[in-house]
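This briefing is intended to be read beside the sequence and the 3D structure. Please keep both in view while going through the points below.

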Amino acid sequence: MSPSALLPDGVGIAHLPNQRHKIVSKRGAKFTLMVCGESGCGKSTYVNTLFTSGIKDPKKLHLRHTKQTEKTVEIEITKAELEEKNFKVKLTVIDTPGFGDYVNNRDSWMPIVEFLDDQHESFMGQEQQPTRAGIIDLRVHACLYFIRPNGHTLKPLDIEVMKQIGSRVNLIPVIAKADTLTPQDLAKFKRNVSRKGGERALLICLTHHPSITQILDVIHAQGIQIYSCPIESDDEEVTSTNQRIMDAMPFAVIGSTEDITIGDRTVKGRQYSWGVAEVENEDHCDFKKLRTLLIRSHMHDLISTTEETHYESYRQTQMETRKFGEQKPKKYENPKFKEKEEQLRLAFTEQVKKEENRFRQWEAQLVSERDRLNKDLEAQHAQIKAMEGELEQMYQMHHRGPMRR
Ligand code: GDP
């Protein structure tokens with residue numbers, strides 16, 4: 001069996017019941033994903049690929065706005081509501097363009113770490129209010145850290161940022177642009193094209209690429225905390241899928257929103273003179289495995305570990321170090337930019353609130369539209385019943401007996 005056959009096709013939030021833990025909430029789940037990494041390593045393309053090929057018919061791609069105008073790390077938010085067989089997931093993707101763009105990048109991770117802490121802080125603050133309705137929760141459930149495919153190892157900046165992020169949220173390392181790995185890999189690509197005839201089926205054993213084991217070695221040696229998902233399940237097939245997903249860590253991905261036709265197939269991929277690097281082909285990259293982990297097999301685990309491990313650890317630390325109601329001290333405050341930063345933070349919070357409201361209004365509209373349709377349906381039902389009754393009466397008058405159905 002080909003490896004791709006092992007992972008079922010489609011995104012299928014409806015498959016959530018197959019998870020080790022089930023999402024039972026009728027109101028659905030909220031899932032927030034952050035992408036982070038040096039500028040130009042394919043984060044935005046990955047997000048767009050996820051929304052165009054990864055997520056079937058997003059109900060609405062709601063907002064995509066940029067917060068800061070100055071040359072600093074920005075935050076971009078994309079939202080979509082997904083629904084399949086009554087399971088609803090509100091997906092929020094946060095992109096952080098601009099990171100690593102400066103001459104001195106040493107502190108460029110600070111706004112990201114502050115953002116992660118702010119979300120825990122904001123949730124904690126709202127939780128302590130007497131009325132907790134309408135809580136705005138942007139706590140990040142998973143952060144994909146994009147590593148440039150330099151074929152060597154992690155840069156000191158990567159190590160520093162990953163350490164910081166991994167101690168706050170579920171960190172998932174990702175090797176960007178898997179199709180650009182070393183000439184040897186490209187050669188391997190080509191060899192396999194000719195071996196498999198004209199099919200252009202490409203093969204790279206990404207999990208065995210030396211740079212990948214190196215990356216994992218560095219992650220372990222540096223004590224970087226990365227997400228590790230539950231593997232064991234009552235169902236053997238699920239256990240083996242989980243194992244395969246985890247074995248692919250760090251995930252190597254190809255991003256592209258371009259449709260390419262290969263014979264009678266149309267795929268998302270990147271066209272080269274020697275063939276096509278396909279986004280969803282498991283022989284080419286781990287895009288599909290990562291997508292499965294995020295929005296099918298381990299979404300609930302990512303949400304619950306955020307709640308039970310990361311948020312709880314933040315809450316406990318704050319409780320131990322601060323008096324009740326006391327403001328959070330700014331760890332990475334640069335006095336020079338303090339005022340500006342505060343303004344930006346407030347503007348951003350306002351912006352998020354506004355967009356949350358817009359999203360809620362849109363939701364309310366959908367609900368009222370559904371109610372109106374239901375009412376119409378009921379009225380039509382009643383009309384049909386009445387007509388049936390009249391028909392029955394007429395029949396009885398003519399035939400002196402009940403109507404045969
Ligand atoms: P970001 O700054 O991290 O958001 O990077 P972008 O998504 O804007 O991508 C930067 C450049 O890399 C663009 O020209 C993309 O077309 C290209 N790119 C993105 N993903 C891939 C990939 O998987 N493989 C290759 N070869 N190029 C990619």
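How many helices and strands does the protein have? The protein has ten helices and ten strands, where helices (H or I, at least four residues) and strands (E, at least two) are DSSP runs numbered from the N terminus. The model is a predicted one, in which local features need pLDDT of at least 70 and side-chain atom pairs count only at pLDDT 80 or more, while totals for chains, interfaces and linings use all residues. Residue numbers start from 1 along each chain as its sequence is written.

**Overall architecture**

- Of the 405 residues of the protein, 33% count as buried; a residue is buried if 20 or more other C-beta atoms lie within 10 Å of its own, exposed if 12 or fewer, and partly exposed in between, with C-beta atoms placed from the backbone.
- Among contacts with a separation of 6 or more, 72% join residues 24 or more positions apart; two residues are in contact if their C-beta atoms, placed from the backbone, lie within 7 Å.

**Ligand surroundings**

- The shell around the ligand holds 14 residues, of which G42, K43, S44, T45 and K177 come nearest; a residue is near a molecule if its C-beta atom, placed from the backbone, lies within 6 Å of it.
- Helix α2 (residues 43–54) gives the most to this shell, with three residues.
- By class, the shell has three nonpolar, seven polar and four charged residues; Ala, Val, Leu, Ile, Met, Phe, Trp, Tyr, Cys and Pro count as nonpolar, Asp, Glu, Lys and Arg as charged, and the others, Gly among them, as polar.
- K177 lies in the loop between β6 (171–175) and α5 (183–195), and K177 counts as buried because it has 22 C-beta neighbours inside 10 Å.

**Backbone features**

- K177 has a positive phi of about 45° although it is not a glycine.
- The peptide bond from M249 to P250 is cis, with omega near -5°, and P250 is found in the loop between α7 (236–247) and β7 (251–252).

**Strand residue F146**

- F146 belongs to strand β5 (residues 142–147) and is buried, with 25 other C-beta atoms within 10 Å.
- F146 and G37 are 109 residues apart in sequence, yet 4.7 Å apart in space, C-alpha to C-alpha.
- Leaving aside its neighbours within four places in sequence, F146 is in contact with residues including V35, C41, G42, K43, V174 and A176.

**Helix packing**

- Helix α8 (residues 287–297) is largely enclosed by the rest of the structure, because eleven of its eleven residues are buried.
- Helices α7 and α8 pack at an angle of about 125°, with their axes 9 Å apart; axes are lines fitted to C-alpha atoms, for helices over the stretch in contact, and angles run from 0 to 180 degrees between N-to-C directions.
- The two helices α7 and α8 are therefore oblique to each other; angles under 35 degrees count as roughly parallel, over 145 as roughly antiparallel, 65 to 115 as roughly perpendicular and the rest as oblique.
- T241, N242 and I245 of α7 make this contact with K289, T292, L293 and S297 of α8, and the residues involved divide into two nonpolar, four polar and one charged.
- The axes of helix α3 (residues 110–127) and helix α9 (residues 299–321) come within 10 Å and cross at roughly 70°, which makes α3 roughly perpendicular to α9.
- H120, F123 and M124 of α3 meet Y311, Y314, R315 and Q318 of α9 in this contact, which has four nonpolar, two polar and one charged residues.
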